[in-house]
Amino acid sequence: MSFLSPALLLGLLAAAIPPILHLMLRRKAVQVRFPALEFILRSNRKTARRFRFKQLMLMVVRSLLLALLAFALARPFLHHDADPAAVAADSGGTTVVVLDAGYPMGYALDGEALIDRARFLAETLLDDGNGMGALVVAGDRITTPFAEPTGDLAAVRRALEEVAVGHRADRLADGVARAYEMLEDAPPGGRRVVVLTTAAGAASDLPKPPPITGDAAIELVPVDVSEGRPTPNRAVLGVSLQPAPEMGSGHWRVDARVGNFGPDAIARLPVHVEVDGVPAVRGFLDLGPGEEGVKTFYVNVDQKEATPAAVVIEPDALPADDRRPFWLQPAPQMRVLAINGDPRPTPYRDELFYLERALSPTTAAGARVKLDITDVPTLQRRDLDDFDVVVLANAGELAPDRARALETFVRGGGGLLVSMGDQVKPATTNQLLGPLLPRTLRDVRQAGDAAASAEAGDRRAARPTYFERGHAILRSIPDPAGTSLGSAQIRRYMLLDPAADAGGEVVVGLDDGAPLLLTRTLDQGRVALLTTTLDRDWGDLPIRADFLPLLQQTLRYLTRVAELDSAPVVVGRPAPVPVEDPRVQRVRVRAPDGELRVVERPKSEEEPWQFEGTDAPGHYQVEPDPPLPGLVALPGFAVALDPAGADLRGPGAKAEDGEDVAAAGAGVATGVTKRTELWHAALFALFLLLLGEAALLFRKRGEDEVKPLPGRPA
Amino acid sequence: MSGARSIVDAELLARLSGLSVRAGQMVEGALTGMHKSPHHGSSVEFAQHREYSPGDEIRHIDWKAFGKSDRHYIKQFEDETNLRTYLLLDTSGSMDYGRAGVPTKLLYASRLAASLAWLLLRQGDAVGLLTFGERLGTYVPPRARPDHFWNLVQVMEKVPVGGATNAVGALEHIAEVAGRRSVVVLVSDCMDFDGRLTALCRQLRRRRHQVVVFHVLDPDETEFPFSDLTEFEELEGGEKALADPRGMRAQYLEEIRAWIDDLRRTLLEGGVAYHRIDTRDPVDDTLRRFIGSR
């Protein structure tokens with residue numbers, strides 16, 4: 001127990017006044033000489049005990065009266081765990097109610113949504129309050145119906161009625177900070193921020209009040225509107241997509257991560273993947289209390305267009321997070337023309353043997369590569385516009401017109417991959433393809449050639465050690481140096497001329513400093529140069545396991561086909577719009593509710609396309625504006641709820657569920673307290689004591705009347 | 001406590017001038033009077049001897065008997081007689097109490113006794129007086145002379161006040177000295193009322209005396225009007241008691257009511273005339289009620 005005005009406790013000394021007065025009055029009793037003392041003594045014997053008890057009670061009651069008065073004036077209060085009923089009992093001062101309108105507040109507890117409970121509590125707070133009030137709604141946005149605390153509490157209540165649950169779960173801290181700002185100019189005394197939220201929200205690391213002491217201090221009162229009752233919830237926390245070539249062409253592996261945020265184990269929780277609104281694959285999942293589990297599905301994507309899909313679990317008290325959308329994108333078809341400069345009768349010795357394997361449908365599920373192979377002489381008959389990428393694999397001398405055609409092709413948006421080999425003559429190639437190559441070719445280097453490199457004199461092969469991780473080709477490979485690429489042995493490679501102005505970018509470099517893979521942009525097209533062979537003539541790179549993704553990503557980069565990014569964007573965060581076609585100047589994004597918004601091409605090439613209006617979960621479709629003929633598909637994106645909001649439990653409930661709360665709850669505000677003033681109760685007790693004193697002093701009517709005594713005639 | 005008190009009120013005596021007191025039964029007297037004597041025949045015939053007691057006329061001593069027995073005896077005669085009345089006046093400390101504006105119980109009792117004596121003497125009856133407190137006070141033998149009134153008044157005005165009430169002792173003394181049928185008037189607050197007192201009254205009654213008790217009480221004693229915390233001090237013994245009058249008033253009134261009731265009932269059962277006197281009442285009214293009741 002604490003006191004707002006502890007100095008007034010000195011008033012407790014007043015409790016000694018009644019005994020002192022009693023003693024003084026006892027000394028000052030009226031002295032009367034009386035004849036019939038015997039009757040007084042006799043009566044006194046019978047009444048003295050009752051009289052003394054009554055006097056004692058009166059003295060005690062009056063002492064308590066004075067003590068309680070001092071106690072009440074000292075304004076005692078108790079600290080205890082926040083309790084909605086107790087919060088509602090408080091009144092006075094300035095109260096800013098921060099109403100959590102995140103999607104977890106849509107949880108239905110006993111058939112009543114937490115947001116409705118919060119709204120009722122807020123109304124109760126405002127009804128019982130006799131001071132100023134304000135409202136901050138922490139939903140998808142931080143909204144304040146009133147710029148500053150107002151005495152028009154009816155208007156605040158009306159604003160409360162319009163509050164609806166949003167789709168975000170991360171605005172509560174911002175709302176509390178906004179409440180502090182609103183209280184900056186409020187009069188001191190009873191400044192309070194009441195946060196009506198879930199148990200998890202109440203225990204979260206909310207911003208601390210500004211460090212002001214005394215009367216102007218702001219009290220933060222987080223209130224769990226569920227009143228500590230269990231709020232078990234299950235949710236689809238994430239979806240990841242991977243090609244599943246082992247299941248056949250067009251198959252994807254869908255890993256659905258599902259969480260059980262409740263005290264009870266769940267057996268055989270129904271989970272299914274919904275494709276285009278129809279359940280496609282069903283399954284069950286067993287989850288222990290507080291556990292997360294992954295259910296794997298395999299989905300065959302036959303459609304040539306992107307298909308909206310979702311992982312759905314059995315609905316519970318919070319249905320919003322029981323569904324997680326994603327796009328099932330058919331892999332964009334890459335039309336690749338490979339020019340074999342060194343065909344061999346033995347397949348595995350053929351220049352394109354490994355390229356063909358890497359791009360075959362079984363290994364490149366989801367890539368949808370259409371590979372055409374030709375040789376240098378027949379290149380004349382092929383129309384390059386039918387292809388997205390041209391691969392010059394150890395191609396020797398090209399016809400000049402073909403070289404020009406290639407340049408036109410690249411500048412128009414095509415992709416060109418040039419790999420080296422014994423057929424490549426640096427001088428001729430530089431002459432024909434010089435405008436396309438990132439750097440001019442110099443000569444073939446033999447790794448371990450002491451004459452070429454003193455450092456490599458004791459080695460037989462060079463190894464890739466440099467990886468430009470930020471490059472689009474390597475973006476899907478988290479740690480390229482740790483993969484088999486880093487252990488590839490390159491025995492020979494084409495040494496390039498150092499050219500500072502070539503515009504080339506080294507993606508992979510060898511340990512002797514020579515580039516292994518370079519790229520450059522030429523107008524609207526891209527060129528990649530591999531300084532070694534696509535077969536095993538100059539090294540073992542093609543047989544390394546990670547050669548396959550490297551090659552696929554290189555081709556995707558060259559064709560400017562967007563990568564499949566199945567990870568949904570969280571509501572409220574900007575979504576990257578995968579637009580690679582240089583012809584597209586702007587796109588229209590169709591939200592789940594059908595609303596269309598336009599996104600313009602960024603002013604700088606460095607800036608990514610981003611869509612800011614991810615206000616609701618669901619499937620967002622992206623269309624070029626205006627539509628462009630022959631445009632490769634523009635993949636849409638999915639927006640999902642923040643899985644962090646799916647766990648509504650407070651630290652206490654988590655501990656009961658056996659979770660390591662201490663470790664997980666570092667920084668989480670515990671011991672949230674609330675102040676309950678006791679002076680009301682003290683005054684009530686004072687009133688009761690006054691009644692008691694009145695009862696002790698009460699005398700029956702007629703008690704003073706004198707009845708006629710016998711023996712005296714009227 | 002002593003001091004002269006003026007107990008004679010000329011207006012009071014004037015208001016009583018038309019009244020006369022009659023004995024409720026036959027009485028024995030020494031002089032011819034208005035009351036019927038139980039004895040018939042000549043008026044001065046010898047009846048018996050009685051031992052001398054202080055106050056008896058010396059001329060009534062039978063010197064012959066003294067010569068034979070060496071003891072003083074008084075000769076008594078049979079005749080038509082006057083009323084012989086003994087006034088027993090309580091002068092104990094408890095009688096020295098009176099509410100402001102109201103005479104003390106002793107003053108009231110003295111005025112009552114004096115008025116009664118004046119009435120009796122005026123009609124030729126003999127009146128004696130015995131004052132008593134804790135001990136016997138002054139005894140004035142009954143006389144029928146008119147100037148005897150002033151002897152009585154002088155004694156009553158100067159009688160000292162104090163001590164406990166001892167009505168029993170006074171009655172015992174009267175029982176000894178009252179040889180003939182007489183009227184014994186006890187004016188007291190009867191604070192020593194107990195079985196002994198009523199027994200003595202009954203004994204007097206059996207001896208054919210008439211016994212009248214004027215029970216004098218102050219209105220404070222019957223109404224107990226105190227309110228504040230009060231320390232009561234007894235008038236007779238000095239004992240003290242601290243009491244809350246409000247808290248005990250009902251009990252007190254109950255106690256004193258029962259006491260008065262018991263006293264009255266006991267006396268009436270013994271043939272004793274009981275009159276409770278409130279000191280607020282005029283003396284003449286009290287006497288009228290007394291005379292009217294006989």
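This is a predicted model: local features need pLDDT of at least 70, side-chain atom pairs count only at pLDDT 80 or more; totals for chains, interfaces and linings use all residues.

Student: Is H3(B) parallel or oblique to H9(B)?

Tutor: Angles under 35 degrees count as roughly parallel, and 65 to 115 as roughly perpendicular. The angle here is about 55°. That makes the arrangement of H3(B) and H9(B) oblique.

Student: Is the crossing of H3(B) and H9(B) left-handed or right-handed?

Tutor: Look at how H3(B) passes H9(B). The crossing is right-handed.

Student: How many nonpolar residues does the contact of H3(B) with H9(B) have?

Tutor: From H3(B) come Tyr108(B), Arg111(B), Leu112(B), Ser115(B), Leu116(B) and Leu119(B). They meet Val283(B), Thr286(B), Leu287(B), Phe290(B) and Ile291(B) of H9(B). By class, 2 residues are polar, 1 is charged, and the nonpolar ones number 8.

Student: Now salt bridges. How many does a search of the whole structure find?

Tutor: The search runs over all chains. It finds 48 salt bridges.

Student: What separates Glu407(A) and Arg411(A) in helix H9 of chain A?

Tutor: These two form a salt bridge, with the closest N and O atoms 3.0 Å apart. Glu407(A) is partly exposed at 21% relative accessible area. Arg411(A) is also partly exposed, at 30%. They are 4 residues apart in helix H9 (residues 400-411) of chain A, so the separation is about one helical turn.

Student: Lys105(B) forms a salt bridge with Asp189(B). Is Lys105(B) buried or exposed?

Tutor: Buried means under 20% relative accessible area. Lys105(B) has 0% relative accessibility, so Lys105(B) counts as buried.

Student: How many residues apart in sequence are the parts that Lys105(B) and Asp189(B) tie together?

Tutor: The closest N and O atoms of this pair are 2.9 Å apart. Lys105(B) lies in helix H3 of chain B. Asp189(B) is in the loop between strand E6 (183-188) and helix H6 (195-206) of chain B, so the parts tied together are apart in sequence by 84 residues.

Student: Arg202(B) and Glu269(B) meet in a salt bridge too. Is Glu269(B) buried or exposed?

Tutor: The N to O distance is 4.0 Å. The pair links helix H6 of chain B to helix H8 (residues 245-269) of chain B, 67 residues apart. Arg202(B) is partly exposed at 33%. Glu269(B) has 56% relative accessibility, so Glu269(B) counts as exposed.

How values were computed
Residues are numbered from 1 along each chain as its sequence is written. Chains are lettered from A and ligands numbered from 1 in the order in which they are written. Side-chain values use heavy atoms; hydrogens and water are left out. Axes are lines fitted to C-alpha atoms, for helices over the stretch in contact, and angles run from 0 to 180 degrees between N-to-C directions. Helices (H or I, at least four residues) and strands (E, at least two) are DSSP runs, numbered from the N terminus. Angles under 35 degrees count as roughly parallel, over 145 as roughly antiparallel, 65 to 115 as roughly perpendicular and the rest as oblique. A crossing is left-handed if the near helix is turned anticlockwise from the far one by less than a right angle, and right-handed if clockwise. Contact means heavy atoms within 4.5 Å. Ala, Val, Leu, Ile, Met, Phe, Trp, Tyr, Cys and Pro count as nonpolar, Asp, Glu, Lys and Arg as charged, and the others, Gly among them, as polar. A salt bridge is a side-chain nitrogen of Lys or Arg within 4 Å of a carboxyl oxygen of Asp or Glu. Buried means under 20% relative accessible area, exposed over 50%, partly exposed in between (1.4 Å probe, protein chains only).
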